[in-house]
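Have the viewer open as you read.

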Number of protein chains: 4
Amino acid sequence: MKAIRVHQYDAAPTVDDVPEPTVSGPFDVLVEIGAAGLCRTDLHIVEGQWAERTGVKLPYIIGHENAGWVREVGSAVTNVSVGDTVILHPLVTCGLCRPCRSGDDVHCQNSEFPGLNRDGGMAEYLLTNARSVVKLDPSLQPAEVAALADAGLTAYHAVRKAVPLLYPGSSVVVIGAGGLGHIGVQCLNAMTPAEIIVVDLSEPALSLAKELGALHTVQADGDPVNAVREITGGHGANVVIDFVGEKGAEQQGVAMLREAGSYFSVGYGGAIHIPTIDIISQEINVIGNLVGTYNDLDELMNLTARGKVKLHTTTYPLDAVNDAIDDLDGGRLQGRGILVPAGR
Amino acid sequence: MKAIRVHQYDAAPTVDDVPEPTVSGPFDVLVEIGAAGLCRTDLHIVEGQWAERTGVKLPYIIGHENAGWVREVGSAVTNVSVGDTVILHPLVTCGLCRPCRSGDDVHCQNSEFPGLNRDGGMAEYLLTNARSVVKLDPSLQPAEVAALADAGLTAYHAVRKAVPLLYPGSSVVVIGAGGLGHIGVQCLNAMTPAEIIVVDLSEPALSLAKELGALHTVQADGDPVNAVREITGGHGANVVIDFVGEKGAEQQGVAMLREAGSYFSVGYGGAIHIPTIDIISQEINVIGNLVGTYNDLDELMNLTARGKVKLHTTTYPLDAVNDAIDDLDGGRLQGRGILVPAGR
Amino acid sequence: MKAIRVHQYDAAPTVDDVPEPTVSGPFDVLVEIGAAGLCRTDLHIVEGQWAERTGVKLPYIIGHENAGWVREVGSAVTNVSVGDTVILHPLVTCGLCRPCRSGDDVHCQNSEFPGLNRDGGMAEYLLTNARSVVKLDPSLQPAEVAALADAGLTAYHAVRKAVPLLYPGSSVVVIGAGGLGHIGVQCLNAMTPAEIIVVDLSEPALSLAKELGALHTVQADGDPVNAVREITGGHGANVVIDFVGEKGAEQQGVAMLREAGSYFSVGYGGAIHIPTIDIISQEINVIGNLVGTYNDLDELMNLTARGKVKLHTTTYPLDAVNDAIDDLDGGRLQGRGILVPAGR
Amino acid sequence: MKAIRVHQYDAAPTVDDVPEPTVSGPFDVLVEIGAAGLCRTDLHIVEGQWAERTGVKLPYIIGHENAGWVREVGSAVTNVSVGDTVILHPLVTCGLCRPCRSGDDVHCQNSEFPGLNRDGGMAEYLLTNARSVVKLDPSLQPAEVAALADAGLTAYHAVRKAVPLLYPGSSVVVIGAGGLGHIGVQCLNAMTPAEIIVVDLSEPALSLAKELGALHTVQADGDPVNAVREITGGHGANVVIDFVGEKGAEQQGVAMLREAGSYFSVGYGGAIHIPTIDIISQEINVIGNLVGTYNDLDELMNLTARGKVKLHTTTYPLDAVNDAIDDLDGGRLQGRGILVPAGR
């Protein structure tokens with residue numbers, strides 16, 4: 001089959017012919033890839049930024065945002081059948097450690113990450129296991145949803161954790177309405193009655209946010225902290241979800257909180273710095289957020305099937321991967337880039 | 001009546017004769033003070049550190065950790081009667097704003113703090129209102145419990161918030177087993193099945209912690225982060241409650257967490273500094289903690305009446321306030337200092 | 001002022017001239033009534049069904065669903081000002097007992113219920129207190145919202161409690177899409193991503209439910225239990241909210257649950273009967289629901305101001321109260337009946 | 001190996017020689033049985049009460065409360081190793097359905113129950129899988145803990161669910177301090193600060209309950225509802241955990257609740273009957289409880305290893321199973337009966 005592999009760091013990945021993987025274990029699932037999302041992490045992998053951390057042996061197949069169709073299953077698989085359309089959770093987890101047994105499989109103590117530390121899904125087929133495949137509503141197409149497997153799932157997960165804090169009359173600030181943030185706004189709108197305030201530098205991003213359910217939008221290059229304070233009657237926001245997490249957004253995010261408010265950290269690059277006196281006197285919280293669980297992905301797919309979450313995408317043939325990479329790197333890619341193997 | 005008043009900053013407070021306060025409003029409660037705790041905050045008030053923040057007019061009566069007996073009540077008071085032994089919540093709250101209506105009265109939007117921004121309780125009588133008095137079990141004496149009104153209540157509150165995270169087999173680190181911390185250990189032991197690990201510099205404090213229910217103790221001047229990691233099988237702790245919050249304890253506290261763990265900030269003086277990549281990749285939380293609510297104080301008094309929480313104290317006559325201050329300042333005060341008006 | 005009073009049971013109430021109430025205490029609030037909802041409970045009061053339970057002395061003013069404008073406030077009132085539009089929570093609560101201090105003021109140990117056990121709001125003015133008035137967005141008119149004070153608030157409260165159980169892909173059944181139920185559907189749609197299934201006997205009620213956000217509707221006189229089971233893929237619903245609670249609906253509601261599901265009891269008249277073996281083997285729950293809290297009412301008013309909840313009403317002049325009662329009794333009243341004093 | 005098998009209903013099971021099971025799949029775990037608890041359900045199986053419901057083919061090996069040592073593991077097992085002491089969760093679950101993925105594995109949509117619907121653990125060896133084995137602290141012996149696998153786990157699970165409702169000053173009633181109830185009292189004492197009230201017919205059971213942490217005991221054949229009401233200051237209990245569930249205990253349990261209280265149903269045989277008016281006017285809840293999850297069992301073993309939960313047992317050799325059955329049936333068995341294979 002065709003597969004996109006990295007042979008050496010800082011060189012363009014190549015389209016290789018490799019053997020198709022095959023089912024051998026009872027929980028194995030062979031998926032024919034319908035679409036593979038291209039993520040900024042893929043660029044970082046190619047640049048070698050993850051080399052030391054993962055220790056992965058080259059060459060290997062990249063790609064960690066995948067959807068497709070089940071082609072073969074092991075003897076013990078009960079949750080999907082041959083022919084099902086599926087999306088793949090980015091992690092392959094053990095199911096046996098305490099986090100897995102709590103439904104918190106993202107903190108699995110024995111997980112692997114296909115496309116990062118073993119062969120991934122920019123290929124015609126991917127071998128995964130039953131714990132990583134979420135069955136989709138037949139109305140959904142792999143190319144529409146593949147990029148929700150990681151980016152969308154992260155946004156969903158943060159929103160899901162914020163739900164108990166968001167009642168009618170409460171306010172939630174979304175910092176950054178880009179790839180993750182615009183999914184976050186849609187999830188907030190579908191799942192909570194909170195008043196949504198979106199902060200971004202880009203006017204088109206703010207316009208889109210309004211269409212997707214934001215009640216207020218704030219230009220990030222003005223004085224967004226005061227703007228949020230005014231919108232919230234001087235109190236600040238109950239919740240801030242920061243999809244930027246660098247270049248000062250993270251300090252502004254904390255400053256936007258009301259007493260007892262919670263800052264949800266999603267984007268990264270910067271650092272949180274708060275004197276303990278401020279943490280305790282305002283009794284505020286900083287909440288970390290990683291990618292979502294398997295059930296989170298299943299729930300996000302329900303929202304997607306019902307038209308409550310939509311993703312903007314640009315499609316490329318699988319073997320045009322380097323065009324897609326160049327477009328992403330050059331800022332020419334609208335929405336998420338999706339690679340589609342020939343004939344699908 | 002006799003009362004301890006600050007007349008000018010950076011000068012010793014004096015024992016003055018002032019008029020007794022009297023009940024005028026329907027929710028007023030006049031309390032005969034049985035005991036007034038001396039807190040390090042009182043020293044800071046005398047030094048003038050709070051002058052600008054509170055804008056309080058001198059002279060005024062200090063003291064914010066009080067217990068005593070109800071001597072007169074306004075016409076609308078239904079929760080206490082004349083003769084009841086009571087402890088006073090440190091805040092006087094409005095009961096009308098959203099936080100008050102949610103049971104989160106510490107974030108009252110109209111609160112006052114007797115002893116800080118209006119006349120307090122180092123005196124023979126204090127006028128407060130029905131929302132600030134917690135009725136005590138008759139077995140409890142004001143001198144035993146007064147210092148729980150603020151310091152103890154803060155420790156209780158942090159533990160109460162951590163309870164949902166602490167199951168059998170989970171581990172909680174208490175950093176600092178002093179005034180607040182040793183109450184925290186007792187509350188943890190009474191309210192959770194978690195394995196308690198206590199970190200402190202002082203051997204006597206660690207010994208006391210063991211008696212009060214700690215399963216493990218760790219010397220703070222070794223490598224406490226690694227010690228906690230070893231005790232927890234390499235994973236780190238589910239919860240860290242930091243009663244120190246300065247001089248590096250706050251960074252160590254964060255470093256002791258396991259994935260998805262929560263650091264509870266209580267002590268202050270330092271600053272939390274965490275790269276956002278670390279917050280999200282480990283999905284950890286920083287939880288602020290202020291003093292407890294009215295109901296928290298009621299609950300703490302239940303633990304105290306049942307012998308599950310005990311406080312070490314040293315008693316002084318009310319008019320020996322400056323001896324007590326000197327002893328506290330000079331590090332000669334064992335446990336909390338308690339001022340008792342003559343004849344009580 | 002004019003007021004509707006009951007002088008003897010089983011006789012029509014009369015329009016009387018009575019003295020206007022006046023503010024005397026510091027938390028008193030005098031409200032000029034803009035609208036008073038007519039509730040089936042008012043009919044039961046007139047029939048004497050509540051006589052023994054309340055022991056109220058005749059004559060007295062009925063009416064417990066009120067909204068209007070603040071005309072005078074006591075000296076300690078901080079949450080509303082003269083001129084504010086307000087809706088009245090049906091209970092007057094003490095603010096001092098443990099439930100009040102927890103935000104659970106509906107279980108206040110010293111509450112009163114104007115219109116039931118003391119003078120109510122079918123009048124030109126009502127004297128209440130600061131704890132019972134919720135300030136409204138100026139865009140809202142008393143006549144639009146008055147009936148949400150009790151009926152709507154009950155529906156909101158049940159939905160609010162169900163929110164943590166309702167994730168994308170979960171299903172919630174609403175039994176009865178009448179006065180309370182159609183508010184419940186709107187609240188579910190605004191606050192949760194769950195798939196809403198509505199069961200009712202009336203085709204117009206089912207049509208309205210679809211417009212308001214129901215995904216599926218089920219005729220109550222077929223086999224609604226099996227219909228729900230089919231819609232939910234054989235599993236049953238995660239949550240059932242039963243606004244009927246009699247004539248078999250309550251047994252059907254329980255039978256519609258999936259394993260570990262929760263039946264929310266709101267309507268009454270019948271009885272829940274379940275063998276303990278069925279409760280434990282399916283691990284199902286029965287959750288009681290009374291009227292909502294003060295904060296619940298504030299939240300519901302936020303949804304109303306934003307157009308997410310709307311109520312159908314028919315308006316009558318205050319002194320046409322007996323026409324309204326006759327229409328309600330005779331089944332001729334469309335939506336909720338609202339009495340409006342002359343000149344408002 | 002030796003195994004206790006049922007060949008026909010209503011006849012004594014026999015000690016048979018059967019082939020040892022062997023590991024074939026990657027998640028298989030072969031356990032050498034150290035102890036098998038005898039449960040009243042085993043008697044009901046022998047009587048044929050479960051025949052129709054399970055459709056199990058005779059003969060088969062009974063026994064569903066097991067602990068022992070791992071003797072062989074499949075290639076994918078990561079949570080236990082050969083030589084580990086383990087206790088067996090009573091269910092074998094799929095790990096793939098939504099409940100399993102939520103940590104709620106008791107509601108697995110594809111579970112099996114060894115000893116009930118397939119070969120169980122009254123034998124020298126049992127073949128199970130990695131999802132059912134909980135590794136024990138080396139200090140624990142199989143004979144001490146085996147009976148906690150089902151009976152103890154059920155009590156633990158109910159208490160675990162009640163923890164969020166139980167604060168200092170709240171009260172919890174335990175109805176029935178027998179096999180499950182006396183474990184429940186120990187769990188409540190270890191995990192909550194609530195005031196424990198125990199209701200039972202037997203004086204020795206009440207005495208034991210006091211030793212294990214009950215604050216109050218109540219004779220069940222007096223007027224236990226009023227007794228509880230008096231102990232709780234007229235309010236009733238916040239939580240009632242009913243380990244009896246029949247013969248009127250279930251109606252008494254509900255009647256002991258305070259407003260907004262919760263009745264936890266564990267024991268069965270009777271039926272809950274409550275008019276909907278009472279459910280809603282008191283806003284009370286009925287909470288079903290089945291056996292605990294895998295993580296619950298792990299947590300209970302933590303409490304056991306730390307000496308916080310102890311079980312009274314009487315030991316028999318495996319091939320004396322019919323003596324044990326006769327003693328249980330005849331009311332002569334003290335504590336739980338434990339069968340131990342020869343040489344262990």
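**Entry 1: chain D against chain B**

I started with the contacts, taking contact as heavy atoms within 4.5 Å. I found 17 residues of chain D in contact with 17 residues of chain B. The area buried between the two chains is about 1,300 Å², where buried area is the accessible area (1.4 Å probe) that two parts lose on being put together, summed over both. Carbon and sulfur atoms give 54% of that area. On the chain D side, Pro168(D), Pro193(D) and Arg306(D) lose the most area to chain B, together 38% of what that side buries.

A note on provenance: this is a predicted model, in which local features need pLDDT of at least 70 and side-chain atom pairs count only at pLDDT 80 or more, while totals for chains, interfaces and linings use all residues. Residues are numbered from 1 along each chain as its sequence is written, chains are lettered from A and ligands numbered from 1 in the order in which they are written, and side-chain values use heavy atoms, with hydrogens and water left out.

**Entry 2: chain B against chain A**

Next I looked up how many residues of chain B are in contact with chain A. The count is 36 residues of chain B with 36 residues of chain A. Between them about 3,000 Å² is buried, and carbon and sulfur atoms give 56% of it. Thr276(B), Ile280(B) and Glu283(B) supply 22% of the area that chain B buries against chain A, more than any other three residues.

I stayed with Glu283(B), which has a positive phi of about 50 degrees although it is not a glycine. Most residues other than glycine have a negative phi, and most peptide bonds are trans. Glu283(B) sits in the loop between α10 (276–282) and β15 (285–288) of chain B; helices (H or I, at least four residues) and strands (E, at least two) are DSSP runs, numbered from the N terminus. Is Glu283(B) buried or exposed? At 4% relative accessibility, Glu283(B) counts as buried. The cut-offs I use are under 20% relative accessible area for buried, over 50% for exposed, and partly exposed in between (1.4 Å probe, protein chains only).

**Entry 3: backbone notes**

Lys247(A) is another non-glycine residue with a positive phi, near 55 degrees. Its place is in the loop between β12 (237–242) and α9 (249–255) of chain A. Lys247(A) is exposed, with a relative accessible area of 78%.

I then checked for cis peptide bonds. One runs from Leu58(C) to Pro59(C), with omega near -5 degrees. Pro59(C) lies in the loop between α2 (51–54) and β4 (60–61) of chain C. In chain D, a cis peptide bond joins Leu58(D) and Pro59(D), with omega about -10 degrees.

**Entry 4: two helices**

Which residues of helix α12 (residues 321–329) of chain C are buried? They are Val321(C), Ala324(C), Ile325(C), Asp327(C) and Leu328(C). Seen down the axis of α12(C), these fall within an arc of 165 degrees, so they line one face of the helix; the arc is that of the directions from the helix axis to the C-beta atoms. Their cover includes β1 (2–6), β3 (28–38) and α1 (40–46) of chain C. Gly331(C) follows α12(C) and has a positive phi, near 75 degrees.

In chain B I picked helix α1 (residues 40–47), whose buried residues are Thr41(B), Asp42(B), Leu43(B), Ile45(B) and Val46(B). They pack against β1 (2–6), β3 (28–38), β4 (60–61) and α12 (321–329) of chain B. Just after α1(B), Gly48(B) takes a positive phi of about 90 degrees.

**Entry 5: single residues in chain D**

Asp105(D) is in the loop between α3 (98–101) and β7 (125–129) of chain D. At 1% relative accessibility, Asp105(D) counts as buried. Beyond its neighbours within four places in sequence, its contacts include Arg101(A), Cys100(D) and Arg131(D).

Cys94(D) is in the loop between β6 (85–88) and α3 of chain D. Cys94(D) is buried, with a relative accessible area of 17%. Leaving aside neighbours within four places in sequence, Cys94(D) is in contact with Cys100(D), Cys108(D), Asn110(D) and Arg131(D).
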